[in-house]
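Please read it beside the model.

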Amino acid sequence: MQIRTYFLDNLPPILRRCADLGYAIFTDYNYDLNLIACRSPSRVSGVFDDVFHVVYRMGDRYIQESYPCTTDAGLYWMHNPSRVEGTAILVAGQYRGVYKLDLHAGKYLALCQRNGSVSVYRDNNRDDVLDMDPQTIQTGSGFGINIHRAHSRYDVEEVGRYSAGCVVIKDSGDFDRLIALAKKQRDTLGYDTFSLTLLED
């Protein structure tokens, strides 16, 4: 995990980038979380080469926490799509209020797609390369594109089966921190819906 701090008169560059793209940013209240994933330029599947940022106000400062992640499916699911249309790859954009604290696969607390639709590309040629063809985009509320972790105890270098299209935090400690912040937003502000912004680097 990497942590940066900014005074309130110095908007973090990642938030400025989101605002410049026309996306909503949340800066008025303590612990109103901005969840921003940045996808690397690489189109090779299977590695944790993306970054997940959590940016929030706390008192007179903004805090930015950054965690290694993947925003792409692992090689297992690229080679073995779970749906006939192909493996899901989340389309860059902002998904407002889509995520809630809930059980991922019925097993542990995560941020799950519960409140609306997301858009995904469908890659169906079963190779290692992430194909983002606009003609394959589907939008729906039942895709289960969650934000969860990889292994609960061990550090893993390859995505493997951990992502079939979800955003997956590599380190379980980083993920636990994310969930603690999500609970802090819920307890401080009284709501447990979260927006995800996905940027292409």
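1. Tyrosine 31 and tyrosine 56 are both buried (buried means under 20% relative accessible area, exposed over 50%, and partly exposed in between, with a 1.4 Å probe and protein chains only). This is a predicted model, in which local features need pLDDT of at least 70 and side-chain atom pairs count only at pLDDT 80 or more, while totals for chains, interfaces and linings use all residues. Residues are numbered from 1 along each chain as its sequence is written, and side-chain values use heavy atoms, with hydrogens and water left out.

2. The structure holds four aromatic pairs, where rings of Phe, Tyr and Trp (its six-membered ring) pair if their centres lie within 6.5 Å, and planes under 30 degrees apart count as stacked, over 60 as edge-to-face and the rest as tilted. Tyrosine 31 and tyrosine 56 form a stacked pair, because their ring centres are 5.5 Å apart and their planes stand at 20 degrees. This pair links distant parts of the chain, 25 residues apart: tyrosine 31 belongs to the loop between helix 1 (13-20) and strand 2 (34-39), and tyrosine 56 to strand 3 (residues 50-58). Helices (H or I, at least four residues) and strands (E, at least two) are DSSP runs, numbered from the N terminus.

3. Tyrosine 76 and tryptophan 77 make an edge-to-face aromatic pair, with 4.8 Å from centre to centre and 90 degrees between the planes. Tyrosine 76 counts as partly exposed at 29% relative accessibility, and tryptophan 77 counts as partly exposed at 22%.

4. Arginine 122, in strand 8 (residues 118-123), is buried yet has no salt bridge, and the nearest side chain of opposite charge, glutamate 85, is 5.1 Å away. Here a salt bridge is a side-chain nitrogen of Lys or Arg within 4 Å of a carboxyl oxygen of Asp or Glu; Lys and Arg count as positive and Asp and Glu as negative, with His and the chain ends not counted. The charged end of arginine 122 sits over the ring of phenylalanine 143, 5.0 Å from its centre (CZ of Arg, or NZ of Lys, must be within 6 Å of the ring centre and within 35 degrees of the ring normal).

5. Two backbone angles deserve a look. Tyrosine 31 has a positive phi, near 65 degrees, in a residue other than glycine. Alanine 105, likewise not a glycine, has a positive phi of about 55 degrees; this alanine lies in the loop between strand 6 (93-104) and strand 7 (108-113) and is exposed, with a relative accessible area of 57%.
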